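Please look through the model below before reading the points. The notes that follow are meant for someone who has not seen it before.

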Amino acid sequence: MRKTLLIILFFGSLGASAQSSRTITVDEAIRLGIENSKALKVSQSRIDEAVSRFNQAKDRALPTASASYAFSHANFLSGKFELPGSTNEPLDLPSKADAFIGTLSVQETIFAGNKLKYAKESTDLLTSIARLDADKQKDNIAYNIITACYNLYKVEQSQKVVEQNLQAVDQQIKQAQQFFSQGLVTKNDVLRFQLQKNNIQLTGVDLETNKKIVNYNLDILLGLPENTELEIKEFGFPATSPAALVSLIDTALNNREEIKDYVLRSQLAETNIKTVKADLMPTLSATGSMYYINPTGKFVPKANTFLAPVSVGATLAWSIDRLWTNKHKVSEAQIQKNEAEIGKGITTDNVKTEVNQDYQNFTRSVERIKILENSIQQAAENDRILESKYRNNIASVTDRIDAQTQLFQSQINLELAKADAGLAWYTLRKSTGTIKQR
């Protein structure tokens, strides 16, 4: 019974730790990463907070109202009251008195120098800035996911090349062993091929370790179970050449969130200047009030035993001290606007530099692929020639291994170059602000 239980627990633990596999596209990976990003959830909270502040600013334009209803009870310690200097008889006072007093007041600001209007504009701009920050965060997340996908792709393609070369080396080892049995080569030649196989296997071990690390990190980014083994398919590569550099720079200047952010911050600073200046203006407000006075002490009085006056008025107020206390606030707001304009200029220059660099890197990546494709053809031809010479005992085992190693390295370099070119394409799209556009 105990043995059976141990067997069940053993196989159960194997099932629990078994990896699950999943094949996804780059687009699906981006969608999962954005949906499960904790950083984006924080950004969304900031957007919600900004929207709430905007709604509060709109609420401040509504009329204010207050209502109260009070009951008072008074006890008179003296039953008589005599006015000073009066010759009349003292007044008889009751021992106690009760009263109900109610008020209802409504106030509406008619003019306040457009401060409420500017407050709504400011909070609206802050909401837009928060949304831009979230969009920039999405771009960064999308690019990080794309980079991780390409890193995984590079490892997988390198593993395929390693596997192909292991098969080729195994054939060389068998051939060398046959030659050795025939006395055509030495034992050292066979050992050199075996050593080459060991080196390729070591490369395969390193690649497998890197694949596990990249796969694990990608699982975390996508919000998937950490034991999910991913396979990426449908890697994108531009079917046509990118637009001219000038056109790409114009696209970046129109799309990059950083530039839009500074535009909004400049508008926000301008609104703050208007707000400070509006604070110099007088305010005009209208008030309507109604009072209810019931001295009978009864909650529901009889007719003609209570008072209910209604008053309507207007108030014009002007804090004249703002004329000399606000001048430095205007200067501060103007400085903030100048800083936003300077920041926009610096960011514009940085964006242009970034687009140019990414464009040149992509162009170089494409050229590298062409060169490496030629080098593979040359390495393959060289490998074929030396294999023939080795078979005919013309070339040494060192020359044979060197030729095969060069072909092996050229094949890996080509796969890495293709992946780098694809990533360079996405990097160029990120710098132009179009990384999420498909």
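1. Contact here means that heavy atoms lie within 4.5 Å. The model is a predicted one. By that rule D261 touches I129, L132 and D133, leaving aside residues up to four places away in sequence. D261 is found in helix 7. Its relative accessibility is 11%, so D261 counts as buried, the cut-off for that class being under 20%.

2. R256 is the residue to check next. R256 sits in the loop between helix 6 (245–255) and helix 7 (257–278). Is R256 buried or exposed? R256 has a relative accessible area of 7% and is therefore buried. Its contacts, again not counting residues up to four places away in sequence, are V351, E354, K430, S431, T432 and G433.

3. Helix 10 covers residues 397–431 and has 35 residues. From its first C-alpha to its last, helix 10 reaches 50 Å, which is close to the 51 Å expected at 1.5 Å a residue. After helix 10 comes G433, with a positive phi near 75°. G433 is also one of the residues that R256 touches.

4. D402 is found in helix 10. At 38% relative accessibility, D402 counts as partly exposed, a class that runs between 20% and 50%. S181 is 221 residues away from D402 along the chain, and the C-alpha atoms of the two are separated by 23 Å.

5. How do helix 6 and helix 9 (residues 327–391) cross, and at what angle? Their axes come within 10 Å and cross at roughly 135°. Because of that angle, helix 6 is oblique to helix 9; an angle would have to be over 145 degrees to count as roughly antiparallel. The crossing of helix 6 and helix 9 is right-handed.

6. Which residues make up the contact between these two helices? On the helix 6 side they are L245, L248, I249, A252 and L253. On the helix 9 side they are T348, V351, K352, V355, N356, Y359 and Q360. By class, the contact of helix 6 with helix 9 has 8 nonpolar, 3 polar and 1 charged residues. An α-helix has 3.6 residues a turn, so residues three or four places apart point the same way. That spacing can be compared with the residue numbers listed for helix 6, including L245, L248 and A252.

Notes:
Residues are numbered from 1 along each chain as its sequence is written. This is a predicted model: local features need pLDDT of at least 70, side-chain atom pairs count only at pLDDT 80 or more; totals for chains, interfaces and linings use all residues. Side-chain values use heavy atoms; hydrogens and water are left out. Helices (H or I, at least four residues) and strands (E, at least two) are DSSP runs, numbered from the N terminus. The expected span of a helix is 1.5 Å times one less than its number of residues. Buried means under 20% relative accessible area, exposed over 50%, partly exposed in between (1.4 Å probe, protein chains only). Axes are lines fitted to C-alpha atoms, for helices over the stretch in contact, and angles run from 0 to 180 degrees between N-to-C directions. Angles under 35 degrees count as roughly parallel, over 145 as roughly antiparallel, 65 to 115 as roughly perpendicular and the rest as oblique. A crossing is left-handed if the near helix is turned anticlockwise from the far one by less than a right angle, and right-handed if clockwise. Ala, Val, Leu, Ile, Met, Phe, Trp, Tyr, Cys and Pro count as nonpolar, Asp, Glu, Lys and Arg as charged, and the others, Gly among them, as polar.
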